[in-house]
Amino acid sequence: MRKTIHVGNAILLLAVCYSCWAQDLNDDSIKPWSENPRYWQYRGKPVFLLGASDDDNLFQWPSPDLERHLDAMRAVGANYVRNTMSDRKDRGFELYPFKRLAKGKYDLEKWNDAYWKRFDRFLAETAKRDIMVQIEVWDRFDYSRDNWPGHPYNPKNNVNYSAGESTLAAVYPDHPGRNRQPFFFTTPKQRNITAVLKYQKRFVEKMLSYSLKYNHVLYCMDNETSGEEEWARYWSQFILDKAKGRKVYVTEMWDDWDLKANRHKRTFDHPDHYAYCDVSQNNQKKGQEHWDNFQWALHYTAKRPRPLNTVKTYGADGGRHGNTRDGIERWWRHVIGGAATARFHRPTSGLGLSELSIASVKAARKLESVMKSWDINPANELLTNRENNEAYLACNPGKTYALYFTNGGEVGLDLRKAPGRYSLRWIDLRTGQWKGENSIRGGKIVKIKAPGKGHWLAVITRG
């Protein structure tokens, strides 16, 4: 009898301890800011997430390369990384999560411990540096074209199921955007391919056994998917259920370049389930359309505001998705346009952690030292004589103004309802340095001319 009471008390004590532990993590965790849920908070304080890194699955990087890269990011003010749970052999040192047997095939019932040790180290090192992690659970490019023939999930490569049991073929030569891979149709309300789903669930459970120990992690189901709604819903609910009292935040990244496309409404229209949205594919757009589409999404979600994340900003000379100018423009339009995060995509499709991306991150932190993103709002209507894609404005009228010029130029800033004296300082966005300061007087439309060609930010403050 005494033993039964002792066990019962121990269970009760464990339950109480777990509840306290979960509550402590929730209090400090990354989550939408209680005062302005368009932005994130961490450790109880609002935080603006900016990123620039050289890979999308940094957890695969061996030590000490990973630590050096994170230190370099942190030194310039970057605090946000994208982490696909990807295992494709881009650099040659990437590992699969499953154990390879002596005869060459994989056993999906057994783990490759080295893969998971890398993942755990990555989470620990980012947490140590207060760098937020946005995980993408599935990356469609891992399961198609050249990456699929050698993959452990391919039935010819494992001892756990056959091609007939899994319905998986040995090759999928099409671009994954065509969504012909049955791997993404396994859930109960789709094709219910239990032979494969069993191991997908084991993989996600294993991932969560590490990530749920930390409070700086967000979850996105896929990389730019064109999959079915039920796929995203199943896995996001799976993660929410497995959190067991922890409050975690999930979303999906849809492939459509147009944010007005109906597919994006799968997340936009369900704020109770998807606590944030990733709108990175807007970064396939350019110029004024890029700004206008994001502003549309901002207004569309205004009744139930949530963070709108942009975890990858395309654009680099020699890349396939716009040039370097496009990349810098896109990043800055989101930074002053109301996005909760902005990260430069990895090379060669983005600027990664490079001289130019570092300059922009430093410049954004200089801007933040003067005005917080959550204290200003887009206000292009206050600009006059503005050419298409010439300049973009966010402000707290009468107090602070951030005016971004894409390539020099001159516009009028309507200060007729905001009399008084203002300080005007410039940041050269190609260096990240302050350059020049003068005084202007409000109560009228004031001409603001950039110091020269190139990317410039005018920082205007009352006083």
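Which residues of H3 are buried? They are Tyr 115, Trp 116, Arg 118, Phe 119, Phe 122, Leu 123, Glu 125, Thr 126 and Ala 127, where buried means under 20% relative accessible area with a 1.4 Å probe, protein chains only. Keep in mind that this is a predicted model, with local features needing pLDDT of at least 70, side-chain atom pairs counting only at pLDDT 80 or more, and totals for chains, interfaces and linings using all residues. Residues are numbered from 1 along each chain as its sequence is written, and side-chain values use heavy atoms, leaving out hydrogens and water.

**Helix H3**
- H3 covers residues 113-128; helices here are DSSP runs (H or I, at least four residues) and strands are E runs of at least two, numbered from the N terminus.
- Its cover includes helices H2 and H5 along with strands S5, S7, S8 and S9.
- Just past H3, Asp 130 has a positive phi of about 55°.

**The six-stranded sheet**
- The open sheet runs S14-S16-S17-S22-S19-S20, with antiparallel pairing (two strands pair if DSSP finds at least two bridges between them).
- At the edges sit S14 (377-378) and S20 (433-441), each pairing on one side only.
- Helix H8 (residues 287-300) packs on the sheet, touching S14 and S16; contact means heavy atoms within 4.5 Å.
- S19 and S20 pair over seven bridges.

**Ile 30**
- You'll find Ile 30 in the loop between helix H1 (2-28) and strand S1 (31-32).
- Ile 30 counts as buried because its relative accessibility is 2%.
- Among the residues Ile 30 touches, not counting those up to four places away in sequence, are Trp 40, Met 132 and Tyr 249.

Methods:
Axes fitted to C-alpha atoms, helices over the stretch in contact; angles between N-to-C directions. Expected span 1.5 Å × (residues − 1). Buried < 20%, exposed > 50% of the residue type's maximum accessible area, 1.4 Å probe, protein only.
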